[in-house]
2 protein chains.
Amino acid sequence: VQFADRVIQSIQQKRSHVVVGLDPVLSRLPAFLLAEAATAHGQSPEGAAAAIRHFSRLVIDAVAPHVPLIKPQSAFYEIWGAPGVAAFWDAVAYAQSKGLIVIADAKRGDIGSTAAAYADAFFGAGSEWQRGLPAADALTVNPYLGTDGLKPFVQRCGAEGHGLFILVKTSNPSSGEFQDQELGGQGPLAAAVARLVDELGRPLVGASGYSSVGAVVGATYPAQAEVYRKLMPRALFLVPGYGAQGGTAADVLPCFNRDGLGALISASRSVNYAWERAGAATPEAFVQATADAAQQMNEEINRALRAAGKLHWA
Amino acid sequence: VQFADRVIQSIQQKRSHVVVGLDPVLSRLPAFLLAEAATAHGQSPEGAAAAIRHFSRLVIDAVAPHVPLIKPQSAFYEIWGAPGVAAFWDAVAYAQSKGLIVIADAKRGDIGSTAAAYADAFFGAGSEWQRGLPAADALTVNPYLGTDGLKPFVQRCGAEGHGLFILVKTSNPSSGEFQDQELGGQGPLAAAVARLVDELGRPLVGASGYSSVGAVVGATYPAQAEVYRKLMPRALFLVPGYGAQGGTAADVLPCFNRDGLGALISASRSVNYAWERAGAATPEAFVQATADAAQQMNEEINRALRAAGKLHWA
């Protein structure tokens with residue numbers, strides 16, 4: 001089954017357009033997780049990895065009934081070396097076992113032969129030597145190197161059922177520095193990337209009408225999202241910037257198509273650290289606070305879609 | 001000591017401008033390495049990681065006397081999951097123990113808070129929990145997200161002695177698709193990135209006259225390298241594309257300044273797989289073939305520099 005079709009089906013089942021990011025920052029984990037890890041491993045990379053592994057599993061437990069997708073951010077796992085990377089892949093496999101679709105947020109990008117190696121790393125190489133390693137469902141990638149750096153990933157998005165989210169317009173304050181500049185007199189750089197996303201994704205449109213080649217379009221620039229939605233009508237948008245980065249439910253509306261689909265709204269810190277606001281001090285309280293935050297986000301987005309006449313299941 | 005000063009000093013000591021890339025592709029490793037790994041671990045991620053770990057150490061043994069820098073490519077290690085990442089960091093630490101300066105070729109790039117996490121992952125976070133983890137000397141990064149995605153890395157390039165190589169003009173065939181296009185009517189996108197590299201690097205110029213904020217400029221586009229050399233007079237250029245990708249000694253000349261310095265010429269496959277051409281079947285023969293390839297590359301580049309009147313130690 002095509003990646004995009006699996007995503008759309010899960011969105012409809014769970015009535016949720018939300019992607020929960022996993023951004024485990026050690027200093028912001030609950031005391032009970034740090035104490036448990038320090039007791040078992042001491043203050044060490046193994047201890048840190050154990051803490052973020054347990055944290056990731058608790059967040060997954062909390063949100064799996066409520067959202068279709070999860071997006072672990074590789075950077076926060078790579079900090080702890082190989083044990084941290086083991087925790088990253090544990091989160092991928094655990095989330096999949098709970099029925100979640102996993103976007104590895106690693107923003108890889110390199111020349112063709114190296115891009116193929118990254119595709120093998122995140123989607124699997126079919127090699128006996130990789131036996132037992134999990135694979136992500138989808139990956140975020142960077143377009144700076146052009147088409148031949150993207151093709152090795154795109155080639156894995158057909159029969160194998162993987163998905164891709166190519167950075168188009170990112171959510172950060174200085175994203176416009178290059179992305180918004182006129183390129184070759186034909187609109188902004190991000191629009192040129194958007195046209196490439198549409199072209200690469202056209203052969204990979206599934207029964208849902210959406211393509212397995214998607215785009216990253218930040219929630220923080222709603223006026224531009226409207227333009228990019230038109231340039232990439234069949235692309236799933238992965239939309240970061242909701243919550244802690246300032247994006248609101250109203251801001252993400254332009255990322256949806258008229259069918260009330262097509263946008264995957266991602267929040268990390270506002271869900272991961274909901275336990276702080278709730279003062280949760282036990283695993284049970286942590287899971288409850290996290291689940292509440294995910295459900296609240298579902299409600300905010302669905303309410304805004306309903307008000308705009310775009311709620312898919314209305 | 002500033003990163004750039006350490007690099008220039010090592011170039012002068014070893015009379016070499018060469019960076020040896022580590023691109024361990026399992027299917028191209030010598031049979032004796034695969035047999036050894038399969039015997040110890042079976043065909044498994046641990047086995048693959050053991051094979052590429054030993055391969056990396058042999059390449060490092062071979063080239064450490066002859067070149068100043070080594071550049072492990074993260075993708076080829078990440079294929080094997082956490083054990084592969086352990087092999088990556090083993091290569092970093094082993095190379096440093098042999099006096100080599102290490103550029104982690106990972107091409108990371110993300111929004112500010114995530115870029116800071118990547119900086120912590122590659123340069124160390126100074127956290128007790130990271131105890132025992134090695135750190136790379138320098139990192140390759142992607143500029144697509146703009147200044148606030150680069151600053152967290154740049155901030156680690158001062159007192160801490162780390163270095164950075166920002167992608168400007170990459171070596172792959174479709175690098176021009178975006179990088180060569182006119183941006184905002186002020187020259188190509190890559191030139192806008194080059195101006196940012198120069199600006200970010202200006203406060204980080206060491207005693208050598210070079211900055212710890214460098215640039216990736218491919219050997220495969222010599223005419224453009226000349227332009228970028230002028231736009232970034234103080235930047236160290238990391239120059240991929242030599243050898244297997246088609247770049248020659250003549251092609252890399254424009255990457256050097258008139259002082260005969262400033263360019264780090266990288267080759268991976270042509271050195272890593274020199275053993276195939278030599279038919280090496282033992283560790284000793286492997287090391288010899290690899291060392292010969294590195295020395296031959298030194299000679300090619302130094303000869304071309306001498307002919308152009310640019311040999312620094314002439």
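## Aromatic rings in chain A

Phe88(A) and Trp89(A) are both buried, where buried means under 20% relative accessible area, exposed over 50% and partly exposed in between, with a 1.4 Å probe and protein chains only. Together with Tyr77(A) and Phe122(A), Phe88(A) and Trp89(A) make up one aromatic cluster. Rings of Phe, Tyr and Trp (its six-membered ring) pair if their centres lie within 6.5 Å; planes under 30 degrees apart count as stacked, over 60 as edge-to-face and the rest as tilted.

## Basis of the model

This is a predicted model, in which local features need pLDDT of at least 70 and side-chain atom pairs count only at pLDDT 80 or more, while totals for chains, interfaces and linings use all residues. Residues are numbered from 1 along each chain as its sequence is written, chains are lettered from A and ligands numbered from 1 in the order in which they are written, and side-chain values use heavy atoms, leaving out hydrogens and water.

## Aromatic pairs

Over all chains, the whole structure holds twelve aromatic pairs. One of them is edge-to-face: Phe88(A) and Trp89(A), at 5.2 Å centre to centre with 85° between the planes.

In chain B, the ring centres of Phe55(B) and Tyr273(B) are 6.0 Å apart and their planes lie at 20°, so this pair is stacked. Phe55(B) is buried, with a relative accessible area of 0%, and Tyr273(B) also counts as buried, at 1% relative accessibility.

## Charges over rings

The charged end of Lys169(B) sits over the ring of Tyr221(B), 3.9 Å from its centre. A charge sits over a ring if NZ of Lys or CZ of Arg is within 6 Å of the ring centre and within 35 degrees of the ring normal.
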